[in-house]
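Hi,

Here is the structure I promised to pass on. Have a look, and my notes on it follow below.

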Amino acid sequence: MEKKALHNFLVIDVSENRAGAYCGKLLAGYGAEVIKVEPSCGTSPLREGGPFCHDRKDPETSIPFLWLNTGKKSITLDFENHDGMGVLKQLIRKADVLLVDLGPGKERELGLTYDVLQEINPRLVVCSLSSFGSKGPYLDYVAEEIQIQALSGMMSMTGETDREPLAAGPSICHYTAGLHAYTGVLMALYQRNEDGVGQQVEISMLESSLENIEIALTTYLHTGKVSKRGPHPGVPWRSFECRDGYCVVIAMPARNWSKSADIFDDPFLFQEEYKHILGRIADRLTYEEALQAQVIKFEKEELFRAGQEKGLAFGMVVNLAEAAELQQHRDRNFFTSIDHPASGNLPYCGTPFKMSQSPWIASRAPLMGEHNNTVYEEKLELSRAEIVDLQQRGIV
Amino acid sequence: MRRSPLKDLRVIDFSHSWAAPHCARILADFGADVIKVEYVKRLCILRGARKEKEIYNTHPAWRQVNRNKSAVTLDLDKPEDHQALMDLAMNADVFIENSRPGVLEKLGFGYTDLSAANEDIIMLSMSAFGATGSFAQFAGYGAVFEAVSGIQSLTGYRNGPPQRIREMDITNGIAGAGAVMTALLHRQKTGQGQYIDLSQLEAASHAMIGEHLLGYAARKNQESPRGNRHVHFAPQGCYPCKGKDKWIVITIRSEEEWQRFCSILGDETLIEDSRFINLAARHQNHDDLDGIIASYTQKYDNGPLMSLLQKEKIPAAAVLDMQEVSVDPHLQERHYFITNVAGTDKRFMGMPFTLSRGKGILRWPGPDLGQHNQEILVQVGKKGADTISPIRQSDIRTAFDID
C-alpha cells in the first residue's frame with residue numbers, strides 16, 4: 001500500500017513567486033510528483049533574489065529557492081516560444097494540477113487561460129494565483145508583498161499608534177495565499193475524484209489576505225468601528241521588556257490569572273477591581289505600568305516557564321538563533337537535515353503538521369534542469385533527436 | 001453546474017478561540033456540515049466577556065468565524081450528553097479539537113476512543129505546541145506563537161522593539177484545513193482515517209519563517225527588523241500623504257522604475273544625484289531618500305497618487321483602513337462582499353478563494369448559543385423534542401469569568 005497521501009498526482013509548477021511555490025512544496029511534501037518549469041535562458045526570480053548560502057550570487061544556493069522547492073523536479077523550458085509551449089501542453093495533458101502565477105495579462109497572451117487548458121485536459125485542476133484576481137480595476141496593478149499588506153488593511157493595523165503603518169517582516173500575504181492554494185487545490189482534486197472533472201482555483205492574493213483581519217473587518221462591517229494599530233484589546237495581552245529581552249504576558253485562561261500572584265510580587269495587580277479583565281482594561285496604562293515593573297525583574301525564559309507552569313499562556317520573544325535551538329523543536333524533530341550538492345547539508349523545517357498515516361517527504365530542491373532527461377525522454381517520450389533540436393534552439 | 005466540494009462531509013468542531021474554528025469555517029464555507037459543540041459553563045472567547053442582552057450571540061467575531069455552522073451545547077459530565085457527542089462522532093468524517101494534549105483522552109474522546117467507534121474518522125488536534133515534547137502542556141495564543149517561533153523578532157521599526165504582526169490563527173487555521181484535505185485525499189484512496197497532530201508553533205514557523213530559519217542555518221546571520229524596507233529593492237517605504245493618517249507604500253525595483261519615478265515626482269535631478277545613482281547607493285542613503293520622497297508624497301492624496309504611479313507600472317498602494325477596505329472599488333466590482341445573508345442586514349466577507357465548479361457559500365452567520373440543540377439532539381435520537389431543556393441564563397459563564 002502506497003502511504004503517501006498525494007501519490008499519483010502530477011503537478012506542473014510554472015509559478016515564479018512564493019505563494020505558488022509554497023503550494024507546490026506542500027504538494028510535493030505529501031507525495032505528489034511536482035515538476036518545476038524554469039526558463040531556459042535567465043533564471044527565475046526566487047533563484048536570483050537571494051539571500052545566498054555563501055554570500056555569493058549563485059542561482060543554486062538562493063535560500064528562498066532551496067526552501068520553496070524541496071521535493072520538486074526541475075526542467076528548463078522556454079514556453080514563450082511556440083514549440084516550447086507545445087512541449088508544455090504535452091505535459092499539461094498528463095498532469096493533474098497546474099500552478100500558474102504569471103498574471104492574467106501574460107497568461108492570456110500565452111494561452112494559459114482556463115478555457116484553453118480545460119480543452120487540452122478536462123481533468124486538470126488549474127490554480128491561478130495573482131495579486132488581484134482575473135478582473136476588476138486593479139487587474140493590471142503591480143504589487144510586491146508590501147502593497148498587498150497595504151491594500152488588504154493589514155498594514156494599517158500593524159505598528160505603533162503614533163507612527164507610520166508597519167509591514168510584517170515575513171511575506172505573510174504570499175504565504176497565506178500559498179496555504180489557501182494548497183487547500184483549494186486539494187478541494188478541487190477531492191471533487192474530481194468523485195466526478196472526474198477538473199476546475200479552476202482562483203487565488204486573489206488581496207482577497208486571500210483579508211482573511212488575516214477577518215475579525216477587524218467584520219467588526220467594521222457590523223458596527224462601524226475602525227480597528228487601528230496599537231495595543232491588543234486585552235490587558236495584559238502583549239510583550240513586556242524583561243532583563244534579557246521581551247516576555248509575552250497574557251492573562252489567559254482567565255481563571256488562571258490569579259495564580260500569577262505567586263510570580264509577581266505586587267498585590268496591586270491582584271486587587272479586587274483588577275480580578276476581571278474588564279477592570280484591567282478600564283485601567284490599562286496604570287495596570288500595565290505596574291506589571292512592567294515586575295516583568296523587568298525576570299529573564300525571559302524564566303518568566304515564560306513560570307507562567308506556563310501556572311497554566312498561563314506566557315511566551316518569550318526569541319531570535320532566529322534561539323528558535324533554531326528551541327527545546328520543543330528538538331523534542332519533536334521539527335528540523336530535518338537535507339543535503340544539497342551546492343549548499344551542503346542544512347536543517348530545514350520538516351513537516352508542517354504530523355499525519356499519522358501520510359508521511360512528509362523531505363528531499364532537496366532540484367538543480368536547474370536536473371530532470372530534463374527524465375521528463376523529456378521518459379515522461380514525454382521525446383526522441384533524442386527532438387530533444388537535441390530543442391536544446392540547440394535554446395528552448396530546453 | 002456548481003456544487004460545494006465538501007457537500008456531504010460531516011465535521012464536529014469541538015474547538016474554541018480562533019485558529020481551529022477558522023479551520024472548520026473554511027470547510028463549512030465550501031459545503032461541509034459542521035456542528036459546533038459548546039459548553040454553556042465556559043463560552044468561547046469569541047463570544048466575548050459580557051452576558052447581558054445575550055450579546056454573546058451577536059459579536060461580529062463569532063458571527064464571522066463560526067458562520068455556516070450548526071451549534072449544539074453539551075455538558076460532558078452528563079452521561080446522555082457524553083453519549084450524544086459519541087453518536088455525533090460516529091457519523092462524522094472529521095473531528096477537530098484544540099484542547100491541551102490529554103484533555104480529550106480524559107473526556108473519552110481521544111483518537112483511540114473515536115477510531116474505535118468510527119474506524120475511518122479523521123481527527124485533527126491543533127494544540128499550541130504539539131501533542132508531544134517538553135512544551136506539550138503549555139498554553140498559547142497567537143501572540144505566544146509569534147514570539148516563541150521567532151516570527152516577531154523580524155517585525156519592527158528599524159532599531160525598535162519587536163512588534164506584533166497578525167494573530168497566527170488564520171494561517172494556522174488554513175494549515176488545519178489543508179491538513180484535513182490531505183487526510184481526506186488519503187482516505188479517498190485507501191479508505192483509511194488518521195490522526196493529525198498540528199502544533200500551532202510549528203505550522204506558524206513553517207509558513208511564516210521557514211525560509212528565514214533556513215537562512216540562519218546557512219549564514220548564521222541574525223536578521224533584525226527592516227521596518228518597511230525591502231531586503232533587495234531600494235527604495236521601499238511607507239510615505240505620508242495629504243490628510244490625517246494617510247499613507248502610501250512604494251517599491252522601486254529597477255533603474256528604469258527609479259527613473260520613471262523621479263520623472264513622475266517632477267524631480268529629474270534625483271536621477272543624476274550620486275547618492276541615489278544605483279541600487280547600492282540608494283540602500284546606503286535610504287534615510288535621505290525617504291525624507292525626499294516624503295516631501296513629494298505629502299502633496300498628494302494617496303488614492304490618486306497610487307493611480308498615477310500604477311499607470312507607470314510602479315508598485316504603489318494606499319494603506320487602507322477597515323472603512324476604506326469596505327468601499328474599495330476593486331473589491332466592489334468583484335462583488336467580494338456578501339450582502340444577502342438570511343436573517344441579517346449585515347455585510348459579510350467573501351470567500352478566501354474561488355472554485356469555478358465548487359461553490360463557496362454563506363448560508364447563515366455564526367449561530368446563537370444552542371440554536372440547533374433541538375434538531376441535533378433529536379437527530380442523534382437521544383432525546384425527544386419535548387425533553388430538551390432550554391439554556392438557563394444563570395448557568396452561562398464567559399471565557400473571561402473567573403468563578
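A word on terms before the interface: contact here means heavy atoms within 4.5 Å. By that rule, 150 residues of chain B and 154 residues of chain A take part in the contact. Do keep in mind that this is a predicted model.

The two chains bury about 13600 Å² between them, with 63% of that on carbon and sulfur atoms. On the chain B side, B:Y157, B:H206 and B:M322 lose the most area to chain A, together 7% of what that side buries.

The rule finds 14 salt bridges across the interface of chain B and chain A. One of them joins B:R219 to A:D55, with the closest N and O atoms 2.4 Å apart. Residue pairs in polar contact between the chains come to 71. Helix α8 of chain B (residues 200-219) gives the largest share of the side that touches chain A, at 18 residues.

Within chain B, the assignment gives domain 1 (10-210 + 337-395) and domain 2 (246-320). Their centres, taken over C-alpha atoms, are 45 Å apart.

Also check out strand β5 of chain B (residues 122-125). Four bridges pair β5(B) in the parallel sense with strand β4 (residues 94-97) of chain B, and B:I122 is the bridge partner of B:V94. Strand β6 of chain B (residues 194-197) also runs parallel to β5(B), again over four bridges, with B:Y195 partnering B:M123. Both faces of β5(B) are covered: B:I122 and B:L124 are buried on one side, B:M123 and B:S125 on the other.

Cheers

Methods:
Residues are numbered from 1 along each chain as its sequence is written. Chains are lettered from A and ligands numbered from 1 in the order in which they are written. This is a predicted model: local features need pLDDT of at least 70, side-chain atom pairs count only at pLDDT 80 or more; totals for chains, interfaces and linings use all residues. Side-chain values use heavy atoms; hydrogens and water are left out. Buried means under 20% relative accessible area, exposed over 50%, partly exposed in between (1.4 Å probe, protein chains only). Helices (H or I, at least four residues) and strands (E, at least two) are DSSP runs, numbered from the N terminus. Two strands pair if DSSP finds at least two bridges between them. Domain bounds come from an automatic or database domain assignment. Buried area is the accessible area (1.4 Å probe) that two parts lose on being put together, summed over both. A salt bridge is a side-chain nitrogen of Lys or Arg within 4 Å of a carboxyl oxygen of Asp or Glu. A polar contact is a pair of N or O atoms within 3.5 Å; within protein, one must be able to donate a hydrogen and the other to accept it, and residues adjacent in sequence count only if both atoms are side-chain atoms.
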